[in-house]
Amino acid sequence: METRWSLTAIFAPSRQIFMVTSFEYDDQPHQVDVPTNGGVVYKAAKNVDLGPDSQEFYLKANVKAPRMAGILAKIFAWFLESRIFGKLLVYILKRNNLIHKLVSHAELEESPVYVPQHPFEELNEQEVKCIDSNLSPPEKVRLAIDCLDSTTEHVLNGSQPFFHRWTILDYSRAYSSGQVTPYMVAERLIAAIKDSSCHPMQMSFFINYNAEDILKQATKSTIRYKNGQQISALDGVPIAIKDEIDCLPYPTTGGTKWLHKFRSCEEDACCVKRLRLCGAIIVGKTNMHELGAGTSGINPHYGASRNPYDAGKITGGSSSGSAAVVSAGLCPVALGVDGGGSVRMPAALCGVVGLKPTFGRIPHSGVLPLNWTVGMVGVLAGTIEDAFLVYAAISGELPSHQPSSLVHKAYFPLLGSKKLITDIRLAKYGEWFNDCSNEIKICCSSAVDQLCDHYGWKTVEVTIPEIEVMRLAHYVTIGSECTTSLSSYLEKLNISESGWDVRVALCVYGSFSSQEYIKAQKIRNRQMQFHNNIFAKADVIVAPTTGVTAYPILNDALKTGELDYINGAALVRYQISGNFLGLPAVTVPVGYDKNGLPIGLQFIGRPWSEPTLIHIAHAMQALRIREYRQPQVFYDLLLKDIK
């Protein structure tokens, strides 16, 4: 006879010897039986109850690591890199943070799933338009504009004043009317970048930009507008690129001081090529957390990207600069890469929209291969409409490079339709939803209630089991893939060229075994089953985007980076399923905390459901947009009164 417990109520055959371990749940200690091999024995996914009355209890992130920066971070890195102490320290870290218990020594019936590829299926989404996926990027942008809601533009330009960032169509109209030219905007942009980089602000938005190249692109765009030959609405619009994406004439550093020495940038990434085909002005490479190996956006080589709402606070990472330039008005849109919430997290902290599409929706060619199965190009924008327009331009598979099973149809949301989408069901896991700061919980709960009351939508209470297990499995996966992808470079690397926080991360990443990686992929299979079952009863999953708002940048972290895994776990708490399971997700600003720092609400969709996600984000934005506030650091490149 076997006694089986759920999740952290550890499963094991009754004939084994047990030891007792204590877990914290709802601030109350729980005694559970753990087999002496230290691993969980999970019952089959098909037998796990996902209903609101499920006995699966919610395990909060069990992070046991003090914040370290400065000399403490250096000492810790030295010990980890030591042949004598390193392996022991890593073992203790993995044990104390439950990686051994929940992943390394776990027993699972499910087979591993190594890549979160989802076969395309017709979702019968409401108010969408099927388009030819073989259309050119400018043609897709034109069709996307036809789908926009004209009333939104009326609200943005209406008589009742409120803050909003200039949109892609604002730039396009200003250029077409002759009020301003792309060249004039480019000059203002360059001046703004220089201003933001100077003392006392030192916002550290960019790693690299080339004024001559920006003006060259702007000159060509200005001539096209003068001759009435503009390519698309993106023509002349400034767009920034995360320094994880290949973009000429810049090296791709990945936030390091060394990677570009080993890997040269030969051509634009596919997503950048598509933006250029639309006439966009590529304005440079934005700052990022080194190798994407952190959540703060503090980079000891290129400076800490600072939050435009409070320059003393973090932007979040790793697409830190991309979120900040959009928030500060330097660009209406920027590209990032989302491997563990790296687009959505900084978007939420900086008060902008962050869209991460389904795995495979945007080609990954030309993006640093830091994590093959969890990283995806994403879009950061001031509004969901702008995120949609750029998504339209860069999405679509490369048929010659993709197996036929991945070919999928393209649908655009009809945001301008007079017929609202109806009967939307928002899956909400209460204990997870509420595992955040009180201000975030109140703000996001209010936003969900307002959404349901206004549109007649409903929340569906569900249980999403093993969320903390999924976070740890994702950590094993992203860490293993990062060190494997960099292995040939790391052999030649002088480790002193890396930040101290990244040196610690690489030590832990490199400790994961093939067994641990495979166990993590079995957990991926379980979670895909759980989420598929949830999407059978709901259209999207709703949750806050982060567990905390932007926290302070401390001086001791500026030269070493910082190790703050407690805040890091709070920032990624709601991010992981989007990456680990390849699901599309979007975050929308919905309010501010008592210090005026932004709060984001996230919607996670079933595979290929970007149109529905954009519809829902558009509906949420419409209810909250009049409450948006201007950041403390903001640049008006069109030189109009937008308050």
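Colleagues, the model is a predicted one, in which local features need pLDDT of at least 70, side-chain atom pairs count only at pLDDT 80 or more, and totals for chains, interfaces and linings use all residues. Residues are numbered from 1 along each chain as its sequence is written, and side-chain values use heavy atoms, with hydrogens and water left out.

I begin with confidence. pLDDT is the predictor's confidence in each residue, from 0 to 100. Its mean over the protein chain is 91, and 91% of the residues reach 70 or more. Over residues 1-34, however, the pLDDT is below 50, and this stretch has 83 contacts in the model beyond near neighbours in sequence; contact means heavy atoms within 4.5 Å.

Now to the helices. Helices (H or I, at least four residues) and strands (E, at least two) are DSSP runs, numbered from the N terminus. Buried means under 20% relative accessible area, exposed over 50%, and partly exposed in between, with a 1.4 Å probe and protein chains only.

How many of the residues of helix α18 are buried? For α18, residues 500-509, the count is 10 of the 10, so this helix is largely enclosed by the rest of the structure.

Helix α16 (residues 467-485) packs against α18 at an angle of about 100°, with the axes 9 Å apart. Axes are lines fitted to C-alpha atoms, for helices over the stretch in contact, and angles run from 0 to 180 degrees between N-to-C directions. Angles under 35 degrees count as roughly parallel, over 145 as roughly antiparallel, 65 to 115 as roughly perpendicular and the rest as oblique. The helices α16 and α18 are therefore roughly perpendicular to each other. Y475, G479, C482 and T483 of α16 make the contact with L506, V508 and Y509 of α18.

Residues of α15 including L451 and H454 meet residues of α22 including M620 and L623.

I turn to the interior. A nonpolar core is a set of buried Ala, Val, Leu, Ile, Met, Phe, Trp, Tyr and Cys residues joined through side-chain atoms within 4.5 Å. The largest has 189 residues, and L275, V390, I394, W432, L451, L601 and F603 have the most contacts inside it. Helix α13 (residues 384-394) gives the most to this core, with nine residues. Another core, of nine residues, lies apart from it and includes L80, W500, C507 and L563.

Finally, the backbone. Most residues other than glycine have a negative phi, and most peptide bonds are trans. Two peptide bonds deserve mention here. The bond from L248 to P249 is cis, with omega near 10°, and P249 is in the loop between β8 (238-242) and α9 (259-262). The bond from G317 to S318 is also cis, with omega near 5°.

Where does N124 lie? N124 is in the loop between α3 and β6 (128-131), and its phi is near 55°, a positive value. With 70% relative accessibility, N124 counts as exposed. E466 likewise has a positive phi, of about 60°, but at 3% relative accessibility E466 counts as buried.
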